[in-house]
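Please brief me on selected packing, strand pairing and salt bridges in the structure below.

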Amino acid sequence: MFLAPLFLIAAGLGALIPLALHFMQNKRKVKLPFPTLRFLKAAQKRSASRTRLENILLWLIRTLIMVLLGFAFSMPIIKTGGLGWFGDAPRDVAIILDASYSMAYKNGNAQIWDNAIEAARSIIEGLKERDRFCIFIARSQPEALIAEPIGNKQEGLARLKTVAFGAGSSQIAPAIEAASQALKKSQSGYEKEIHVITDNQALPWQGFAHAKTTEDATPESKSVVDVGTSVFVLMLGVSNPENTAPFSVTMEPAIVRKGSSAKIKVTSTRTGPPIASAMTLFLDGKEAGRRQVTVPDPASSTGEFTLPSLGVGIHEARIEMPDDNLIIDNSFYFLIDVQERRPSLIVGYKDDALFVRTALVSSFAGLVSMEMVAPDQLSGKKLTDYSSVILCNALPLTGQAIGSVEGYVKAGGLLIVFPGSKATPEDYKAWACLPGVPSTVNLVPTKEAKTTLSWDKPLHPLIRPMQEGLGAAELSVRRKFSWEKVNESAEVLISMGQKHPFLLERTYGSGKVLMFGISAERTWSNFPLSPFFLPLVLQCTEYGSREKPPFLWATDSLALADYFPDLKGTPSMTDPDGEAVQIRSMTEGGKAALIAADLKKPGIYRFAVSADTKAQPAFAVNLPRKESDLTPISEEEIKSLVGIEALHIATDLSSFAKKTQESRVGKTYGEQLLWLVLLLLVIEFIYANQLARRGRDAVLNLKADSAGNLNLSKEAVRST
């Protein structure tokens, strides 16, 4: 195929020029008054055949120069893929835009996202009349901006203006799969192309690695692209990105009580070589501390702040790190909920709860207070008024009471369960929040009664204080549970004997459940009389009670009942920019539930339970920090992960356009042919001059003596 085929005619005509000149060339004749010509004739006879051969080679070189020159100007091309060998075939093009927040990285004076939008515009504007296109946005799940191929360029350009990068990560594999499904509707004779516009971050390509490691996947199912579809990847990121961001915040203790001290620990993440940086803590809009850190050095990348004395209520806080090329993740928002000391609610009867009541009443400095209620009166209690709920041989409970307690835990409360002899295994199966379900209560033989407790999680915040000063914890156990099932999300914090669970923990919703393997009364063991009973009970009542997460990750929707269990009426919510957040009602499990939609902007969200109440800080929302890892991926890694032959990768828009053009039309070889013509011209010049010099030397070497005899030297004979 040729882009300018008329030049082939010029190539044919040009090939005749050296032939015509070859026949028209006059031979130089030298007239010498020699008496005899026999010596010249002899020399001519010996060299005639070589002279003709040399002239033919020179003619061939000159002819080849003219032919190649004509071919070069005709722009020959070789098509690398697709249809349309004798002209461009119409195309269906699927454009995929990576919309993760790493696309906000600044490359020079512009964000990568701005360059990506401009590249998408260029692709659409470069389509021909019969070409069609569709557009997909790569987020955690693909989003169809234009689901099926269309030919209206103006509509596509208008829709591009409405797209913005998101608050999370993206996945390229499902987006390519969705685009490939859309292109299956292409008409016969249409070429199919997928154009992926992204940065050079490795994270979006992990979906391909997962597909390759799936055991039951066949080679055909591992490929997300149909055979015959060309994939073009435009990587607009920088080769060595650098980014520093606060990664997470934890508070010790998790619940801040009025008058008590607390610490904030901040971890950071880094892409690039280690650097010295700083963390700044802001409380209620004012700077409250600054720490120097080195990231990503694990030994010094954690900043620790001691909280000043704070009043009861919710305080807004954030961690700031210096601006870099990815500004969007330099702030980390969280809330500090300073609470009054609230009582614990003991559910049970006096005899069963005797030792627990004694432990709480005798707590030093009155740090813990308590109330008690019989199991049949639990339904009338407002559980949110209590820091923890302790069940002391209180089962079985009514379904209404169970639902009330589980709702309390799900909203952030702490439930402590001491078993007893009143309940059967079936009574435990009615609960959804327990760490485990016991099967039977076993009597322990006297010779096996003595057992030693082991701290399975020695660094756990509940266990860590228990190991100091108490020594080995030994018990004499008469009865204990056999566990039918331990929930997979539960942890064993303390064991007795041969890894028999003594204390289990499970996170349920926003709250926690602690469950003991023996009772809190003397008929089961001497645990209530042991020196670690009181400190362990106190630790349990303080640990996790009414703990609310200091921050949330950006999300599409949030069930408000999980955080506001007593919510009634019509609440309202605003985002960090003061814009209203949509709250819709939906039915879940036969009950109406309020859902807050589109909590994706990082910052503090405010909540008002009614139009008459003042909005208060409700949630601190942050972008998921795995997207802050900008570790790049190489072209070779992409080709290995995707695993298709028709894959073309470019790092700038001009080379991307060149690769797509070569795939559609073919690669032109005019430039290469011109370089070959230049080489042949040099050879022709050297060779022609060498032949001319030989002819001139032959004449100069002819000598005659005084008698007129020709003296033909060996050099002259060789030259002629």
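The points below cover a helix, a strand, a loop residue and several salt bridges.

This is a predicted model, in which local features need pLDDT of at least 70, side-chain atom pairs count only at pLDDT 80 or more, and totals for chains, interfaces and linings use all residues. Residues are numbered from 1 along each chain as its sequence is written, and side-chain values use heavy atoms, with hydrogens and water left out. Helices (H or I, at least four residues) and strands (E, at least two) are DSSP runs, numbered from the N terminus.

**Helix α8**
- In helix α8 (residues 354–361), Phe 355, Val 356, Ala 359 and Leu 360 are the buried residues (buried: under 20% relative accessible area; exposed: over 50%; partly exposed: in between; 1.4 Å probe, protein chains only).
- Those residues line one face of α8, because they fall within an arc of 135 degrees seen down its axis (the arc is that of the directions from the helix axis to the C-beta atoms).
- Their cover includes β17 (344–348), β18 (370–373), β19 (388–392), β20 (414–418) and α11 (533–542).

**Strand β12**
- Seven of the nine residues of β12 (residues 275–283) are buried.
- β12 runs antiparallel to β13 (residues 286–295), joined by nine bridges (strands pair if DSSP finds at least two bridges between them); Ser 277 has Val 293 as its bridge partner in β13.
- The hairpin of β12 and β13 has two residues between the strands, and Asp 284 takes a positive phi near 50 degrees there.
- β12 also pairs with β15 (residues 313–320) in the antiparallel sense, over four bridges, and Leu 283 stands opposite Ala 317 in β15.

**Asn 200**
- Asn 200 lies in the loop between β7 (191–198) and α6 (206–213) and is buried, at 9% relative accessible area.
- A polar atom of the Asn 200 side chain lies 2.4 Å from the backbone oxygen of Val 238.

**Salt bridges**
- The structure holds 23 salt bridges (a side-chain nitrogen of Lys or Arg within 4 Å of a carboxyl oxygen of Asp or Glu).
- In one of them, the closest N and O atoms of Glu 316 and Arg 606 are 2.3 Å apart; Glu 316 lies in β15 and Arg 606 in β33 (residues 603–608), so the pair ties together parts 290 residues apart in sequence.
- Glu 316 is partly exposed at 22% relative accessible area, as is Arg 606 at 30%.
- Lys 429 and Glu 426 form a salt bridge (3.3 Å, N to O) and are three residues apart in helix α10 (residues 425–429), about one helical turn.
- Glu 252, Lys 263, Lys 265 and Glu 304 are linked in a salt-bridge network.

Note on methods. Contact = heavy atoms within 4.5 Å. Polar contact = N/O pair within 3.5 Å; in protein donor to acceptor, adjacent residues only side chain to side chain.
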